[in-house]
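Please keep the sequence and the structure in view while reading.

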Amino acid sequence: MKTPREVLLNRHASTEPKLDAIRRLALAAIPHPTPAPVRRAFGLGSRWGLLPPWPRHALALAALWVLIAVLHFESGPSNPGAQTALEIVARPQSLLVQLSERRRQIRELLPPETEFPGPPPTRSLLFHRRPTLNVA
Amino acid sequence: MAVPDDREDLPVPEARAGSSEAWEVLFRRFQRPVYTYAFGILHDEQSSLDVVQETFLNAIRHLGSLREDRKFAGWLFGIAHQKCLQACRRAGRDERLQEALSASEADSGEAPDLRLLREEDASAFLAAVDSLPAPQRSVLLLHYLEDFSLDAIAGITGAPLGTVKSRLHHARKALHCLLNAPPSRSTVSVSANSLPFSP
């Protein structure tokens, strides 16, 4: 004895291979979940979005920076002409000594009656020379 | 094959998440019932296979629109039903409806239910089902194949509940008559190819 359902379904048992083929076809159409972006896989968030997402490029860039830094430090101490303005400003005491020495040399070369202008007024002097209003 | 009900554990949430294994389970479970339903309506193998394929592809695309996972079977058969309608229209079949049956909704006594069939009655049963008018055949197939409730069948076919009740009642009655009739009478011509469904 069979149920009507069994009778109905058994009627089409021979079609099963074709239905299996259709099932495989339909399964192939299932959209796969999209993988996360590569840069997230490296832990780089949106802040680092401008960096190239490929690790090889990042490594090459880092190596280039290291090379530039090494070349910079090697050329620095051995080349005296490469003294920068920043380095000069960083040593004001030596500058003042050089300046007073040159002034002394100039005094020696000039005749004794020559007036040598004094040093320019400092900021503090200028500050105290306020113009006064004559209220007559 | 067990007849499903609302308690059947189908991997619908997993399928919604894109799991191929879940879809495999669902397709295996429903491929033959859907085909049987489509063939019962269309009576053509190739058209029925097309309906199965289109039903599955639509299910993959639109599973997100299914609100209640436990209604997956009814939802899937609803798609198959629509595909059968489209196939009927493409084939240019007669769209006359068998509304004469749906007009008489008063039950004149319950027809005997065909719960179990003997082996020798199987072919007669299939022939009797095939000879039913398409609207009744559709309702009967949904009832027997998946044991859908009348409400569910109404939802699948888009017909009012009263119409579904009437169709099922008359389908059972006609089936009983055809099975108990002598062989010469079982070939009573009923337009089996007319378009089945319209409220």
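Which residues in helix 2 of chain B meet helix 7 of chain B, and which residues in helix 7 meet them? Pro33(B), Thr36(B), Tyr37(B), Gly40(B) and Ile41(B) in helix 2 of chain B meet Ala134(B), Arg137(B), Ser138(B), Leu141(B), Leu142(B), Leu145(B) and Glu146(B) in helix 7 of chain B. Residues are in contact if their C-beta atoms, placed from the backbone, lie within 7 Å.

The model is predicted: local features need pLDDT of at least 70, side-chain atom pairs count only at pLDDT 80 or more, and totals for chains, interfaces and linings use all residues. Residues are numbered from 1 along each chain as its sequence is written, while chains are lettered from A and ligands numbered from 1 in the order in which they are written.

**The two chains**

- Chain A has seven helices and zero strands, whereas chain B has nine helices and zero strands; helices (H or I, at least four residues) and strands (E, at least two) are DSSP runs, numbered from the N terminus.
- Of the 136 residues in chain A, 5% are buried, and of the 199 residues in chain B, 39% are buried.
- A residue is buried if 20 or more other C-beta atoms lie within 10 Å of its own, exposed if 12 or fewer, and partly exposed in between, with C-beta atoms placed from the backbone.
- In chain B, 77% of the contacts with a separation of 6 or more are between residues 24 or more positions apart.

**Contact between the chains**

- Chain A brings 24 residues to the contact and chain B brings 31 residues.
- On the side of chain A that touches chain B, helix 1 (4-10) and helix 2 of chain A are the elements that give two or more residues.
- Helix 2 of chain A gives the most to that side, with eight residues.
- The residues of chain A on that side comprise 14 nonpolar, four polar and six charged; Ala, Val, Leu, Ile, Met, Phe, Trp, Tyr, Cys and Pro count as nonpolar, Asp, Glu, Lys and Arg as charged, and the others, Gly among them, as polar.

**Helix 2 of chain B against helix 7**

- The axes of helix 2 and helix 7 of chain B come within 9 Å and cross at roughly 165°; axes are lines fitted to C-alpha atoms, for helices over the stretch in contact, and angles run from 0 to 180 degrees between N-to-C directions.
- Helix 2 and helix 7 of chain B are therefore roughly antiparallel to each other, given that angles under 35 degrees count as roughly parallel, over 145 as roughly antiparallel, 65 to 115 as roughly perpendicular and the rest as oblique.
- Their crossing is right-handed; a crossing is left-handed if the near helix is turned anticlockwise from the far one by less than a right angle, and right-handed if clockwise.
- The contact of helix 2 with helix 7 of chain B has seven nonpolar, three polar and two charged residues.

**Helix 2 of chain B against helix 3**

- Helix 2 and helix 3 of chain B pack at an angle of about 140°, with their axes 9 Å apart.
- That angle makes helix 2 of chain B oblique to helix 3 of chain B.
- Helix 2 of chain B passes helix 3 of chain B in a right-handed crossing.
- Residues making this contact include Trp23(B), Phe27(B) and Gln31(B) of helix 2 and Val51(B), Val52(B) and Phe56(B) of helix 3 of chain B.
- By class, the contact of helix 2 with helix 3 of chain B has 11 nonpolar, four polar and one charged residue.

**Helix 3 of chain B**

- Helix 3 (residues 45-62) of chain B has 18 residues and reaches 26 Å from its first C-alpha to its last, close to the 26 Å expected at 1.5 Å a residue; the expected span is 1.5 Å times one less than the number of residues.
- Its buried residues are Ser48(B), Val51(B), Val52(B), Gln53(B), Thr55(B), Phe56(B) and Ala59(B).
- The cover over the buried residues of helix 3 of chain B includes helix 2 (16-28) of chain A, as well as helix 2 (20-42) and helix 4 (72-90) of chain B.

**Individual residues of chain B**

- Leu26(B) is in helix 2 of chain B and counts as buried because it has 23 C-beta neighbours inside 10 Å.
- Leaving aside residues up to four places away in sequence, Leu26(B) touches Leu10(B), Pro11(B) and Ala15(B).
- His43(B), in the loop between helix 2 and helix 3 of chain B, has a positive phi of about 55° although it is not a glycine.
- Asp147(B), in the loop between helix 7 (134-146) and helix 8 (150-157) of chain B, has a positive phi of about 55° although it is not a glycine.

Terms used: Contact = placed C-beta atoms within 7 Å.
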